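The following note is intended for a colleague who is meeting this structure for the first time. Please read the points alongside the sequence and the coordinates.

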Amino acid sequence: MEIFERITRDPKVMGGRACIRGIRFTVSNLLDLLASGHSDREILDAYPFLEPEDIPAALRYSAWVVSDREVELPRRVEGA
């Protein structure tokens, strides 16, 4: 199992969701910002408590989480 030093889970913080360094900022919040097209610089400027190393740590953690699960995806239909 990979160790994620910057990602924490505590039942008393954000309902046990994966957070950045134990603060009340979830990995999913950070991923939502990235997926919405915000740059690393925009995120770090808007959330000064985040550190540059938090962003790749969240991406590595999320890749690890989804690599461990099989999810049925819809098949792509040719010509659609």
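1. A salt bridge is here a side-chain nitrogen of Lys or Arg within 4 Å of a carboxyl oxygen of Asp or Glu. By that criterion, a search of the whole structure, which is a predicted model, returns six salt bridges. Several of them are taken up below, after an outline of the fold.

2. The protein contains three helices and two strands. In sequence order these elements give the pattern β-β-α-α-α. The strands β1 and β2 span residues 7-8 and 19-20, while the helices are α1 (27-35), α2 (40-46) and α3 (54-67).

3. As to overall dimensions, the radius of gyration is 15 Å, whereas a compact globule of 80 residues would have a value near 12 Å. Along the principal axes, the C-alpha atoms occupy a box of roughly 45 × 30 × 20 Å.

4. Of the 80 residues, 26% count as buried. Among contacts between residues at least 6 apart in sequence, 43% join residues at least 24 apart.

5. The charged side chains comprise 11 positive and 14 negative ones, and the centres of the two sets are 5 Å apart.

6. Which residues are linked in a network of salt bridges? The members are Arg6, Arg21, Glu51, Glu53 and Asp54.

7. Arg6 and Glu53 form a salt bridge, with an N to O distance of 3.6 Å. This pair links distant parts of the chain, 47 residues apart: Arg6 belongs to the segment before β1, and Glu53 to the loop between α2 and α3. Arg6 is partly exposed, at 22% relative accessible area, and Glu53 is partly exposed as well, at 43%.

8. Arg21 and Glu51 also form a salt bridge, their closest N and O atoms being 3.8 Å apart. Because Arg21 lies in the loop between β2 and α1 and Glu51 in the loop between α2 and α3, the pair ties together parts that are 30 residues apart in sequence. Glu51 is partly exposed, at 30% relative accessibility, and Arg21 is partly exposed, at 28%.

9. Arg21 forms a further salt bridge with Asp54, where the closest N and O atoms are 2.9 Å apart. Here the loop between β2 and α1 is linked to helix α3, across 33 residues. Is Asp54 buried or exposed? Asp54 is buried, with a relative accessible area of 1%, since buried means under 20%.

Key: Residues numbered from 1 in each chain as written. Predicted model: local features only at pLDDT ≥ 70, side-chain atom pairs only at ≥ 80, totals over all residues. Heavy atoms only, no water. Helix = DSSP H or I, 4+ residues; strand = E, 2+ residues; numbered from the N terminus. Rg over C-alpha atoms; globule rule 2.2 N^0.38 Å. Buried < 20%, exposed > 50% of the residue type's maximum accessible area, 1.4 Å probe, protein only. Contact = heavy atoms within 4.5 Å. Lys, Arg positive; Asp, Glu negative; His and termini not counted. Charge placed at Lys NZ, Arg CZ, Asp CG, Glu CD.
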